[in-house]
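Trainee: I'd like a close look at one part of this model. Please take me through it step by step.

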Amino acid sequence: MKLVRAVFASVWMGWQREMEWANPVFCLIIKTVAPIAAVLTAAAVYWFGSSFAGLFTPERLAYIVVGSSLYGQVGAYAYVPTSAIAEGKWSNLYPQVFITPPSSIPYLAGRCLASFADSAPIVGISLAVSYYASYILFGKAPTFIVTTTSALMTAAALVASLPCAIGLGYVLGSYSVFVSRFEWALPSYVSGLLMIFSEALFPASVLPYPFSFVAEALPFTYLMRASRAALIYDSWSLYTSSMTYLIIGGLVFLAVGIYTFRIAEQSARRKGLLDKKVM
Amino acid sequence: MYSRAWVRVRSTYGEPLWVAVNLAVPLLSSLAMALLYGSTGLSRYTGFAILGGIMLAFWGNVLWSMASQFNWDKEVGIFEIYLVSPAPITAILVGMSLGGILATLPSAALVALIGWAVFSTTISPAWDAVLLTFLLTLASLYAMGMLMSSLYLAYGREAESMNSAIGEPISFLSGLYFPSIGVGSPFPFALQLVASVIPLTIGMDALRKSVFYSGSAKNVWFDLMILAVMAVILLYLSDRALTALENKGRREGTLVVRLR
């Protein structure tokens, strides 16, 4: 029970940090503009490239719009634990969280859940706005299957990706506890690599071996596949197989993440790095 | 001006890890876009993605190391030192720009090298036009950064969120990875006009012409003229905005307030 309370308190704190620095509606608009622009950039690159080659298909446009909308969500997770730890070190919050009885593991989980709560609606908004913007800009709209069932299936895929996202958070947090400079370096690389390796923009088969193998092994790839199965292909078999891999892979990722983070945090405590700041 | 530029250059070249840090976003974004071009069967346009990555390195520097720099300087107490020093703030900003350009060059060069090595893109550059366009684009882009930096003096921690919000839309409108104005643009004319107000749009258009289509300085003279005019106007506006907001901050006592 104490653990649940600690997670909820962290969710609340994360929400306050992300959404309460101004009017929440303004915050949501500010947070939505960038993902929409990123989706439209990818769509425009596809439109420009494929139109010249005469290879444009609305289905492929839908593939890119769904992938890049979800990537915005996945990419955001990479920064949450780093932000929580780096800012926490700076403001002395993190050492205080560390010495509380539940310590920092539920804190980071809560921050990731807060990020999920504020970025999940952004996926829906990005998809909707990109649909209409594509029609206006390219004269062709992506072919989405928009039904209650497909929306619920996509939402379920997003929820199923949470263990994986939190696991990634812990792995990156393990790095953040040690560093007091360049703390944004690793999340930037991880976030950028996920754009290439998670089938956000193109199938894993485009990548040469062994990179394609890496992409196939990442649970985030199956979030993309499950969502596309729901929103584009209407394929129940693809959806269930992707969801199975996403859930199992995510739980493995979470277990590895917690284990890594525990070891890293204990080591950082021994070395006196948990509250180290650099001016 | 020299001192501020020197600090920035020294901090980057004295700590080579900075290059690796600055490389992540432009390199991986341009690789992703180049692979997207490749996956749609148009490998000959992968060069557009690499060029976009190169300029994204500078745009990122303008956003995070120019526009919001004063905000971070306030947080760590350096901004007070600027205020009490006899150096004009505009000179500090110009120095920061020059230092920023020199500090970003290695990351941008690595994006170019890795991009061209991986995708073997064919280019047919008119080097005089490329160099001129590149310099004028940077001049106008960093002048825009100076203006943003001045405007951000009025903000506290909101500056970071504002940066996150405007980075992608400007990359999209300015056509970092695809032509957003002229031939091949997906935008309606009205949106192309709006996009043309951004220096990066004009710069990217001229760079694509001069790097990939042998556009000589004669072919891109109109773009160069616009870039030069933009640089002058933005410099003037940033100076005025800086003075106005500095005076307002002094009057209201909010100039060096931290953690707002």
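Which residues of α8(B) are buried?

Mentor: First, the ground rules. This is a predicted model, where local features need pLDDT of at least 70, side-chain atom pairs count only at pLDDT 80 or more, and totals for chains, interfaces and linings use all residues. Residues are numbered from 1 along each chain as its sequence is written, with chains lettered from A and ligands numbered from 1 in the order in which they are written.

Now your helix. A helix here is a DSSP run of H or I, at least four residues, numbered from the N terminus. In α8(B), the buried residues are B:Ala159, B:Gly167, B:Glu168, B:Ile170, B:Ser171, B:Phe172 and B:Leu173. Buried means that 20 or more other C-beta atoms, placed from the backbone, lie within 10 Å of a residue's own.

Check its length. Helix α8(B) covers residues 158-173, 16 residues, so at 1.5 Å a residue it should span 22 Å. That is 1.5 Å times one less than the number of residues. Its end C-alpha atoms are 23 Å apart, which agrees. After α8(B) comes B:Gly175, with a positive phi near 65 degrees.

What do the buried residues pack against? In chain B, α3, α4, α7, α9 and α10; in chain A, α2.

Follow α2(A) across. It gives 17 residues, the largest share of the side of chain A that touches chain B. In total, 34 residues of chain A are in contact with 36 of chain B. Contact means C-beta atoms, placed from the backbone, within 7 Å. One example is A:Val45, whose contacts include B:Leu36 and B:Phe178.

How values were computed
Two residues are in contact if their C-beta atoms, placed from the backbone, lie within 7 Å. Helices (H or I, at least four residues) and strands (E, at least two) are DSSP runs, numbered from the N terminus. A residue is buried if 20 or more other C-beta atoms lie within 10 Å of its own, exposed if 12 or fewer, and partly exposed in between; C-beta atoms are placed from the backbone. Lists of a residue's contacts leave out its neighbours within four places in sequence.
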